[in-house]
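Let's take a friendly walk through one protein model, looking at how its side chains meet. Here it is.

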Amino acid sequence: MAKITRFAPSPTGHLHLGHVASVLHAWRAAMESGGRFILRVEDIDTTRCRPQFIADLYADLAWLGLSWPQPVRRQSGHMPEYRAVLDHLAAHGLLYPCFCTRRDIAEAAGAPHHAPDGALIYPGTCRHMDPGLRAAKLAAGTPHALRLDMARALQWPGAATLTWHEMGEGPQPACAAAFGDVVLARRDVPASYHLCVTHDDALQGITLVTRGADLRPATGLHRLLQHIMGWPAPRYSHHALLCDAGGRRLAKRDGAPSIRAMRAAGMTPRQVCAAAGQGDGISAVSSGPASL
């Protein structure tokens with residue numbers, strides 16, 4: 001069956017070897033099935049994303065020999081679409097405004113518990129706020145996030161028995177409850193990764209999501225959002241993460257060597273792909289980039 005895959009980086013820095021491994025997983029899955037590979041730019045965080053990083057990631061991927069359909073979807077240009085999803089969830093009583101700061105949450109949590117993504121599990125302070133006080137805060141323009149009422153969401157018909165399909169493993173239980181009342185719209189950004197990625201995967205017809213193993217726990221939450229919104233459920237393939245000599249996963253914030261630096265040092269695309277543990281890169285796929 002032909003697969004539609006995507007690579008969806010956030011332009012908060014330059015691409016590194018971990019990105020090479022990830023993009024080639026998506027590329028190969030599409031090409032080997034006679035499918036289609038899509039590039040998407042997840043730039044909703046306008047405080048950290050930079051236009052130059054977007055231009056550079058296009059150049060880096062093209063240098064590796066990849067190509068993709070145009071135009072590229074940039075999430076920052078589609079905020080009204082995400083707002084419509086939030087409005088739909090709110091209309092069904094699944095969202096509530098949260099006025100707490102990170103410090104408020106940390107102090108209220110007592111013995112803190114963390115969600116799979118490392119965030120503190122929200123103790124529900126604003127979920128039980130007096131309606132009059134909530135209305136007054138909203139009328140005053142008090143900064144707030146929007147949270148999913150997880151307990152209510154899990155009461156949605158069929159939510160309790162949701163699964164997702166991991167390639168090579170089969171059905172997996174969708175454990176969304178571990179995230180608690182997750183933020184779906186931040187104070188400073190009018191949408192969240194979890195909301196935007198599920199919306200866009202559905203919109204773009206993605207049939208196979210390939211991504212790092214660190215995002216595997218989030219799949220249960222994404223399946224819950226897909227189910228509530230009536231979106232199709234893609235299959236998933238979570239691959240191992242590249243780590244440095246100290247065993248830490250490669251990350252921009254930790255100064256992982258960039259593709260651009262390797263290119264400037266004289267490395268070829270084939271050598272970069274090999275360094276990412278991906279053999280000869282796109283040359284290993286007989287159809288090659290021209291198939292796009």
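Which elements do the buried residues of α2 pack against? They pack against β1 (4-7), α1, β2, β3 (73-74), α9 (259-264) and α10 (269-275), where contact means heavy atoms within 4.5 Å. Buried means under 20% relative accessible area, exposed over 50%, and partly exposed in between (1.4 Å probe, protein chains only). Helices (H or I, at least four residues) and strands (E, at least two) are DSSP runs, numbered from the N terminus.

Before going on, note that this is a predicted model, in which local features need pLDDT of at least 70 and side-chain atom pairs count only at pLDDT 80 or more, while totals for chains, interfaces and linings use all residues. Residues are numbered from 1 along each chain as its sequence is written, and side-chain values use heavy atoms, with hydrogens and water left out.

**Helix α2**

The buried residues of this helix include Phe53, Leu57 and Trp63. Just after α2, Gly65 takes a positive phi of about 105°.

**Aromatic rings**

A pair of aromatic rings is described by the distance of the centres and the angle of the planes. Rings of Phe, Tyr and Trp (its six-membered ring) pair if their centres lie within 6.5 Å; planes under 30 degrees apart count as stacked, over 60 as edge-to-face and the rest as tilted. The whole structure holds 4 aromatic pairs. One of them joins Trp27 and Phe37 edge-to-face, with 5.6 Å between centres and 70° between planes. Trp27 belongs to helix α1 (residues 17-32) and Phe37 to strand β2 (residues 36-41), 10 residues apart. Both Trp27 and Phe37 are buried. Tyr96 and Tyr122 make a tilted pair, because their centres are 6.5 Å apart and their planes at 35°.

The ring of Tyr122 also has the charged end of Arg147 sitting over it, 3.9 Å from its centre. For this, NZ of Lys or CZ of Arg must be within 6 Å of the ring centre and within 35 degrees of the ring normal.

**Salt bridges**

A salt bridge is a side-chain nitrogen of Lys or Arg within 4 Å of a carboxyl oxygen of Asp or Glu. A search of the whole structure finds 18, including these:

| Pair | Closest N to O |
|---|---|
| Arg40 and Asp201 | 2.9 Å |
| Arg48 and Asp45 | 3.8 Å |

Arg40 lies in strand β2 and Asp201 in helix α7 (residues 193-203), so their pair ties together parts 161 residues apart in sequence. Arg40 and Asp201 are both buried. A network of salt bridges links Arg6, Arg40, Glu42, Arg73, Glu81, Asp200 and Asp201.
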